[in-house]
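Please read them with the sequence and the structure open beside you.

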Amino acid sequence: MRIQVLGPVRAWRDGHELDLGPPGRRAVLGFLVLARGRVLPRTELVDALWGSRPPPSATNVIQTHVKHLRRTLDPERHAYARSSSLSTVGEGYALHVPRDEVDLDRFHDLVRTANEALEQGRPEPVRVALGEALRLWQGPPLADLPAFAAHPAVLALLGARRTAVLAYAEAALDTGHVADALPVVAEEASRQPLDESLAAVLMRVYTAAGQRAEAFAVYDRTRRALVAELGVDPGPELARVHGTLVRQEPRTPRSAPVPAELPADVAGFTGRVAEMAELDRLPAGSRTGALAICTVSGTAGVGKTALVLHWAHRVRHRFPDGQLYLDLRGYDPDQPVTPNEALARLLEGLGLAAGDIPVTQDARTRRYRTEIAGRRVLVVLDNACSVDHVRDLLPGSPSCVVVVTSRDSLAGLVALWGARRLELDPLSADDARTLLHELIGTRSFDDPAAVGDLVEQCARLPLALRVAAELAVTRSATPLARLAGELRDRQRRLRLLDGGGDSRAAVRTVLSWSYRHLPADAAWMFRAFGWHPGHDVDLHAAAALAGHGPDEAVRLIDVLARAHLVTPDSHCRYGMHDLLRAYAVELSAELDAPADRTAGVTRLLDHYLATATATVDLLYPTDGSHRGGRREAPPPVTVPADPRSWLDAERHNLVATCAHAATHGLAGHAVDLANVLYRYLEGGHHADAVTVHTYGLRAASESGDRSGEAYALTNLGAAYRLLGQYDPAVDRLSQALALHRMTGDRHGEARTLSNLGIVADRLGNYDDAATHLTEALAGYRELGNRHGVAAVLTNLGAVELRPGHHELAAVHLDEAATLFRELGDRAGEASALTNLGDVCMHGGRYQEADRHLTEALALFRDLEHRYGQAIALANLGTVQTRLGRHDLAIEQLGAALALFREAGHRYGEASVRNGLGEAVHAAGRPGALAHHRAALDIATETGDHDEAERARTAIAALKSSHDSAGLR
């Protein structure tokens, strides 16, 4: 015989469950088990069942329950024989069942075994014993008798379970088996939302499992609950884990790549001994609770960036979790980096996939601070223009150090954030001479007076000194005294023109002097660099700006690099100091006709549009109808050897260029570039997609391009759909549909209807979804667009995954797979096969579903299509659950969850969470409720009807096994 009280009260004999009768009888058995073999006085039973107001018949009721229990537990005994299982002892009763047949006794025995192993310092046996003990629990004690939930014996057992869960978590952390412990700890913590010890250990387990965001979400959730319910902040234990866990916990593996973003150190760095010592005093991993911030301010060209980078390279070992660097371009007159864009770049540096980066600035700030929390990271924010420019870029964790450079003193950071201030003056005369000696060589020692003259003419500013030294090296036959005289004359003329009020006058003078010695074609190239709206350029973009061929561009860029007027990096890209860029823009405005500048920017846009079109056509050869009609065919270009790498490298420039075109009267280029980039950005760069298509919409609307406006709205709606923001998706798509119909664009209309159908399906509006998709299908068939037909058939098959529609879904998906196969679209074929497997699964044909999904997964893996792999794995996991292969199901669903989270795909994450809940419940493991609750949270947030209902149904079913209507 086997008896269970850790959950609903149940009993089995020879594998068959016994009918224990009404709640009162089950309660008597439950309390006898809780007595653990001791005699339970009848008065205690009366008190347990009725409290201080028992009925007059209480004793008779208990005797009747005991009589029936004896018949149930010992059915073969003689009517007058003594029961071997339940005996009367004086005025009480005692239950006699072997310890290994009662879950409660088995739980206590396993806990005792674990405690013995713990005293011997053996964590693995502790983990195994406690894991087995906790698997015995099927809910709270006497779960089907909620009237006794507050009984002292029940509360004591819940306390014993909590203690076991905490010890199990510690053992799992010690042995590295956190995956098994996570659902157990999460479920226990969800039952006790105000228990700080559980929250703290859950944070540590999440962190060890590589789920840093979830760990800090636990802290935030617990903190809010404590404030709301008790009016208190988290205590020392939880606060300590929140602030220091990741930094101090040696068994926590890194969950993201370690960023190493510092640009190269400055060659020949000289002086700044006191300033370096001041920076050295910045604490790495402060224990005071305050974030360490230092502002380095000073005039343009004084060497702020050089100082910080030289120091950062010297102390990088103090920041084992990485170094982030971002040039904010705060003094760029046209394209400074906005805080929202800066946050996206910082999150990418911390290892987030682009698709996982939120859209809004507030959400990005929260995610950034969550991701960096606890890490020992150096954050260098270069060229900030104000406190507002960097406020949202400051981590919230004292484990980080932030250094900000600016021409502004950033007094607000000092006053409000306690930042240290480091004002950078020009070099001392001795340090400036040393730098010139280092750069010019032995020749500089022959004429110390000329060197001193150069030092003063350059105002002891490192940037000016470096440019002057390079000119001196280039003109090696010219005496230094003569060069100093030329500079003095040039400076005097510029000062007369300038009024002498510009703090950058010395640098500008030296730049003008260096620029004057450039060949005319190199000078043109220098000015052309100032026209680029992005941060850096490759060879081909530079050639397009200047109107040269690649060979000539290489030669001219080499001239500029030797003069320190552009800076190459290790990836054959070229950048420019913001002061140099400003000077290039100033010169161009003075020397170049507006038509020449416009022609240069137009050539650049043509280059980007042509190259992007060629790369996208190569990557997505069968899907071009979403681009609409372009102004004209782009010129032929050489396709990059690695198209996707080119798009990845140029992505920020492409976004900046699209914005520039939309705001500088080049609407056609903005519209075309946004349309061309749609499919690439759809693959995971959703936030950039919203930015690009918003600019495309602005350009089309302001130029009266109704067709372009319709396509931009469709693209925006599709981007919002992928982000799970269904309300704005419906709004943009509805506007697009009206415009497509007004312009008579049947391709655009069909594509928009298809997107509307997908959104309607997600929202549970199945009739609307079928209507939209059927209209889209008819439109594509009429147009002869076989790819469009196949895509809509795939979506229709997904909508028809409802009772009574499975046959039609299979027909549609078979046709879609065939069309994709004929078109050579392997990704489309894999998508159709995935949905076909889903149809077979819903129809109970699990082996057939397994075959289709396995084939789809192989295709997606060959294509390195991670989103497709996630869907196929998610569906395969559900099939394995149906087939009873629980371990494989949990493994495949776990892999799918990781991929969906990487892509930031909220619908997929909700679906997999539900699948995991079903799988762990079917396997008899704890944690199902936690998974379904997580799925419900996500689905409620996104408005996803199907997954929300799936989660609610599962939660209700799980609770029904624990709850009862009460005693009868």
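1. Glu124 and Arg127 both belong to helix α5 (residues 123-135), where they sit three residues apart, or about one turn of the helix; helices here are DSSP runs of H or I with at least four residues, strands are runs of E with at least two, and both are numbered from the N terminus. The two side chains form a salt bridge whose closest N and O atoms are 2.7 Å apart, a salt bridge being a side-chain nitrogen of Lys or Arg within 4 Å of a carboxyl oxygen of Asp or Glu. Glu124 counts as partly exposed at 31% relative accessibility, whereas Arg127 counts as buried at 12%; buried means under 20% relative accessible area, exposed over 50%, and partly exposed in between, with a 1.4 Å probe and protein chains only.

2. On the basis of these values: this is a predicted model, in which local features need pLDDT of at least 70 and side-chain atom pairs count only at pLDDT 80 or more, while totals for chains, interfaces and linings use all residues. Residues are numbered from 1 along each chain as its sequence is written, and side-chain values use heavy atoms, with hydrogens and water left out.

3. The structure holds 48 salt bridges, including one in which the side chains of Asp105 and Arg36 meet at 3.4 Å, N to O. Asp105 lies in helix α4 (residues 103-119) and Arg36 in the loop between α1 (23-34) and β4 (40-41), so this pair ties together parts that are 69 residues apart in sequence. Asp105 is buried at 8% relative accessibility, while Arg36 is partly exposed at 37%. Both residues take part in a network of salt bridges that also links Arg99, Asp109 and Arg112.

4. Another salt bridge joins the side chains of Glu815 and Arg781 (3.2 Å, N to O). Glu815 is in helix α35 (residues 806-823) and Arg781 in helix α33 (residues 766-783), so the pair ties together parts 34 residues apart in sequence.

5. The largest nonpolar core has 96 residues, of which Leu518, Met525, Phe526, Phe529 and Leu560 touch the most other members; such a core is a set of buried Ala, Val, Leu, Ile, Met, Phe, Trp, Tyr and Cys residues joined through side-chain atoms within 4.5 Å. Helix α28 (residues 667-682) gives the most to this core, with nine residues. Apart from this core lies another, of 78 residues, among them Leu29, Ala35, Ala199 and Ala215.
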